[in-house]
Amino acid sequence: MRAKITYFTTAAVLVFYFVLVGGRGLMLIRHGTLLTVTFGVAVLILPVIGVWFLWKNTQFVRRANALAAELDAEGGLPVDDLARTPSGRIDRDAADAAFTKRREETEDAPDDWRTWFRLAVAYQDARDTPRARKAMQRAIALHRSSPSAPPPPAAPSSEPAPSASPSEPAPSSPAAPSSPSGD
């Protein structure tokens, strides 16, 4: 709930700023000289970019929340049982262990949006926000392109999937997840 309040407060402040800057840009354009019109148009570009950025981020958050709700309804949301430091932050070793599990899960089912969603959560737990965002974008794209098929079992077994041969390398894909430490 605190995150929603922060988000809406920030969005309201940004919209106020966009209106204020846009008004100043229009005032400069109405002044009518070549310099003020040029400067006014340049000033109007900032609110346009800001509104676009705010809109794209709002769409991203709404889509990610919709995926979370759908995954929760299926019983597939990752459980937040990671060890924490006394200050409340997730322990780095616990986050890395959870990440390794989620990465393997995603490598086994690279076309399943659910695994990418859980991988995004693992990246966020490991404090790797850029990769968390990319993984969530991948989950959203896969969800949008996938037909409404029945979900896979909610509780995957803890046994490793059998491989063709222990000496054969695992197939890699260009979108294969990497570790949060960049390894």
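1. The side chain of T36 reaches the backbone oxygen of L28, at a distance of 3.2 Å. This is a value from a predicted model. T36 belongs to helix 2, which spans residues 34-74. Setting aside residues up to four places away in sequence, T36 touches L28, I29 and H31. T36 has a relative accessible area of 15% and is buried, because the cut-off for that class is under 20%.

2. V21 sits in helix 1, residues 2-31. Its C-alpha atom is separated by 7.0 Å from that of V43, a residue 22 places away along the chain. Once neighbours within four places in sequence are left aside, V21 is in contact with V43 and P47. The relative accessibility of V21 is 12%, so V21 also falls under the 20% limit and counts as buried.

3. On the overall make-up: the protein has five helices and zero strands. Read from the N terminus, the order of elements is α-α-α-α-α. The protein has 183 residues, of which 27% count as buried. Among contacts in the protein with a separation of 6 or more, 64% are between residues 24 or more positions apart.

4. Next, the pairing of helix 3 with helix 4. Helix 3 covers residues 92-108, and its axis comes within 9 Å of the axis of helix 4, with a crossing angle of roughly 160°. Angles over 145 degrees count as roughly antiparallel, and helix 3 and helix 4 are therefore roughly antiparallel to each other. Their crossing is left-handed. On the helix 3 side the contact is made by A95, A98, F99, R102, R103, E105 and T106, and on the helix 4 side by T115, W116, R118, L119, A122, Y123 and D125. By class, the residues of this contact are seven nonpolar, two polar and five charged.

5. Helix 4 also pairs with helix 5. Helix 4 runs over residues 113-125 and helix 5 over residues 129-145; their axes come within 8 Å and cross at roughly 165°. Helix 4 and helix 5 are therefore roughly antiparallel to each other, and the crossing is left-handed. From helix 4, the residues involved are W113, W116, F117, L119, A120, Y123 and Q124. They meet T129, R131, A132, A135, M136, R138, A139, L142 and H143 of helix 5. The residues of this contact divide into 11 nonpolar, three polar and two charged.

6. One backbone angle deserves a remark. R127 has a phi near 65°, which is a positive value in a residue other than glycine. R127 is located in the loop between helix 4 and helix 5.

Technical notes:
Residues are numbered from 1 along each chain as its sequence is written. This is a predicted model: local features need pLDDT of at least 70, side-chain atom pairs count only at pLDDT 80 or more; totals for chains, interfaces and linings use all residues. Side-chain values use heavy atoms; hydrogens and water are left out. Helices (H or I, at least four residues) and strands (E, at least two) are DSSP runs, numbered from the N terminus. Buried means under 20% relative accessible area, exposed over 50%, partly exposed in between (1.4 Å probe, protein chains only). A polar contact is a pair of N or O atoms within 3.5 Å; within protein, one must be able to donate a hydrogen and the other to accept it, and residues adjacent in sequence count only if both atoms are side-chain atoms. Contact means heavy atoms within 4.5 Å. Axes are lines fitted to C-alpha atoms, for helices over the stretch in contact, and angles run from 0 to 180 degrees between N-to-C directions. Angles under 35 degrees count as roughly parallel, over 145 as roughly antiparallel, 65 to 115 as roughly perpendicular and the rest as oblique. A crossing is left-handed if the near helix is turned anticlockwise from the far one by less than a right angle, and right-handed if clockwise. Ala, Val, Leu, Ile, Met, Phe, Trp, Tyr, Cys and Pro count as nonpolar, Asp, Glu, Lys and Arg as charged, and the others, Gly among them, as polar.
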